[in-house]
Amino acid sequence: MAAPEPLSPVGGAGEEAPDEDEDEVEAEDPERPAGVSGARSCGGGGSGAGAGGGGAPGAALTRRAVTLRVLLKDAQLEPGAGVLSIYYLGKKFVGDLQPDGRIVWQETGQVFNSPSAWATHCKKLVNPAKKSGCGWASVKYKGQKLDKYKAAWLRRHQLHVPAAAADESPASEGEEEELLMEEEEEEVLAGVSAEDKHRRPPAKGASEPAHTETTLPGKRVETKMRVPVRYCMLGSRDSARNPHTLVEVTSFAAINKFQPFNVAISSNVLFLLDFHSHLTCSEVVGYLGGRWDINSQMLTVLRAFPCRSRLGDVDTAATMEEEIYQSLLLRGLSLVGWYHSHPHSPALPSLQDIDVQMDYQLRLQGSSNGFQPCLALLCSPYYTGNPGLESKISPFWVMPPPEQRPSDYGIPMDVEMAYVQDSFLTNDILHEMMLLVEFYKGAPDLVQFQESWSQEHTYLDKLKVSLASRMPKDQGLCHILEQVYSILKQGS
């Protein structure tokens with residue numbers, strides 16, 4: 001589905017970042033004569049560059065002793081604005097190279113002392129679980145990876161680096177360890193056994209499910225089953241694959257990870273989005289408002305904001321965006337996610353949903369310095385595989401694919417939520433319900449609530465049962481709900 005553009009997040013102010021570099025430190029100038037003091041220790045080598053005691057310049061140096069400052073001094077690189085870049089999981093970061101070898105991130109003005117420090121910071125914004133940045137293998141100077149310039153410098157100074165090594169972009173010890181860790185995580189995720197460890201899953205399934213989300217109004221038409229696939233069977237991204245293919249979510253426990261944030265959701269949120277999803281045979285979308293507490297790592301979802309617009313209606317969508325933005329400001333809430341429906345299919349994300357959610361996570365993150373989650377909710381009101389009459393509402397979050405396979409799809413992760421029952425239905429909720437009823441009134445895809453859903457229940461019966469499971473503690477406004485139901489029955 002094509003979800004609406006997210007509201008613009010507010011970016012953070014730029015500050016000078018601390019030196020986060022773990023796998024490369026400021027080393028002694030390789031061209032300084034051996035034995036000259038003043039250099040910081042280089043990794044774990046206690047003897048330093050002068051261990052050779054008067055050998056060839058830099059004879060005992062390792063790759064990590066070569067810094068941006070060294071390459072600038074030797075005219076391998078030139079300082080300039082926007083000459084450095086990082087491409088990571090669809091997000092581009094651009095930096096300025098200073099004459100002293102430091103990097104200024106253009107988006108925030110933050111200053112970093114090394115490629116690894118900058119790469120680690122940027123990648124953690126996209127993937128909070130990222131521990132290091134593989135800086136020299138990730139940062140490009142005018143389109144070429146920095147480690148190629150490093151290898152060329154080492155060759156030039158006869159430090160036993162063969163010419164072929166430069167083309168292979170060799171990684172440092174820290175980078176190799178990080179890549180190995182990522183490969184192991186990928187194998188756990190895919191359930192790869194020791195015997196087939198090196199075999200890749202097929203790039204395309206034998207058959208692709210059809211995308212038939214809209215049916216005739218009020219008619220319970222059995223749609224062609226959209227059979228979900230396991231993530232490990234997807235393989236690399238394939239443009240020929242149906243973007244509406246459903247993908248099973250993965251639990252964090254299955255890949256030996258902890259959920260990176262906690263979620264508490266209001267019953268009124270689920271009540272309103274469930275009501276919205278029931279009204280039409282077409283997909284619906286909306287936003288989620290709430291608060292993010294960085295100290296407790298708690299995301300609290302307090303309000304749903306339905307989009308009363310049709311997919312593709314740009315003008316109406318822009319008006320709704322502004323209305324929702326003002327509502328968020330008025331209530332002191334932040335944009336924390338979005339929801340949409342799969343009317344007749346399981347509450348599982350499609351490949352398109354995964355890409356949209358990954359994009360939302362990046363855009364909601366913006367240039368802020370700390371991690372901020374973005375939650376997605378899927379509602380399946382009329383899927384015949386749901387147990388009972390209640391809609392299935394499922395949260396998910398997308399974890400970036402392994403760095404060494406950036407072309408793969410993001411990994412849809414199941415999110416555990418704490419359900420908080422509200423004390424009562426607010427006037428906001430009741431008003432929004434009436435606005436939705438008015439919006440879909442007379443629409444060709446409005447559900448015919450007086451018609452039969454099953455032998456025992458009408459569509460209206462089904463709606464009532466589903467909403468009953470999300471009712472607040474005080475149900476004193478049930479008479480108002482009955483008025484809404486009466487309008488629905490008459491209007492359809």
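Predicted model: local features only at pLDDT ≥ 70, side-chain atom pairs only at ≥ 80, totals over all residues.
Residues are numbered from 1 along each chain as its sequence is written, and side-chain values use heavy atoms, with hydrogens and water left out.

**Stop 1: the open sheet**

Helices (H or I, at least four residues) and strands (E, at least two) are DSSP runs, numbered from the N terminus. Two strands pair if DSSP finds at least two bridges between them. Select E1 to E6: these 6 strands form an open sheet in the order E4-E3-E2-E1-E5-E6, with antiparallel pairing. At the edges stand E4 (111-112) and E6 (144-145), each with a single partner strand, so one side of each is left without a neighbour in the sheet.

Now walk across part of the sheet. Strand E1 (residues 80-88) pairs with E2 over 6 bridges in the antiparallel sense; show Tyr88 and you can find its bridge partner in E2, Lys91. E1 also pairs with E5, again antiparallel, over 2 bridges, and here Leu84 has Tyr141 of E5 as its bridge partner. From strand E5 (residues 140-141), 2 antiparallel bridges lead on to E6, where Lys145 is the bridge partner of Lys140. As you look along a strand, remember that in a regular strand the side chains alternate between the two faces of the sheet.

**Stop 2: a tyrosine pair at E5**

Rings of Phe, Tyr and Trp (its six-membered ring) pair if their centres lie within 6.5 Å; planes under 30 degrees apart count as stacked, over 60 as edge-to-face and the rest as tilted. The structure holds 9 such aromatic pairs. In the pair of Tyr141 and Tyr149, the ring centres are 5.4 Å apart and the planes are at 90°, so the pair is edge-to-face. Are these two residues buried or exposed? Both Tyr141 and Tyr149 are buried, where buried means under 20% relative accessible area, exposed over 50%, and partly exposed in between (1.4 Å probe, protein chains only).

**Stop 3**

Next, select Tyr382 and Tyr459. Their ring centres are 5.5 Å apart and their planes are at 65°, so this pair is edge-to-face. The pair links distant parts of the chain: Tyr382 is in the loop between E11 and E12, Tyr459 is in helix H11 (residues 459-468), and they are 77 residues apart. Tyr382 counts as buried at 2% relative accessibility, and Tyr459 is buried with a relative accessible area of 3%.

**Stop 4: the E8–E9 hairpin**

Select strand E8 (residues 285-293), where 7 of its 9 residues are buried. E8 is joined to strand E9 (residues 298-306) by 8 bridges, and the two run antiparallel. They form a hairpin with 4 residues between them, and Gln297 in the turn has a positive phi of about 55°. Show Tyr287 and look opposite, to Phe305 in E9. Arg303 lies over the face of that Phe305, at 4.7 Å from the ring centre; a charge sits over a ring if NZ of Lys or CZ of Arg is within 6 Å of the ring centre and within 35 degrees of the ring normal. E8 is also joined to E10 by 6 bridges, running antiparallel, and Gly290 has Ser334 of E10 as its bridge partner.

**Stop 5: helix H9**

Move to helix H9 (residues 351-365). H9 has 15 residues and reaches 21 Å from its first C-alpha to its last, close to the 21 Å expected at 1.5 Å a residue; the expected span is 1.5 Å times one less than the number of residues. Why is H9 described as largely enclosed by the rest of the structure? Because 11 of its 15 residues are buried. Among them are Leu351, Ile354, Met358 and Tyr360. The elements that the buried residues of H9 pack against include helix H2 (115-126), strand E10 (334-341) and strand E12 (392-399).

**Last stop: Gln372**

Finally, select Gln372, in the loop between H9 and E11. At 22% relative accessibility, Gln372 counts as partly exposed. Leaving aside its neighbours within four places in sequence, Gln372 is in contact (heavy atoms within 4.5 Å) with Trp292, Leu335, Leu364 and Gln365.
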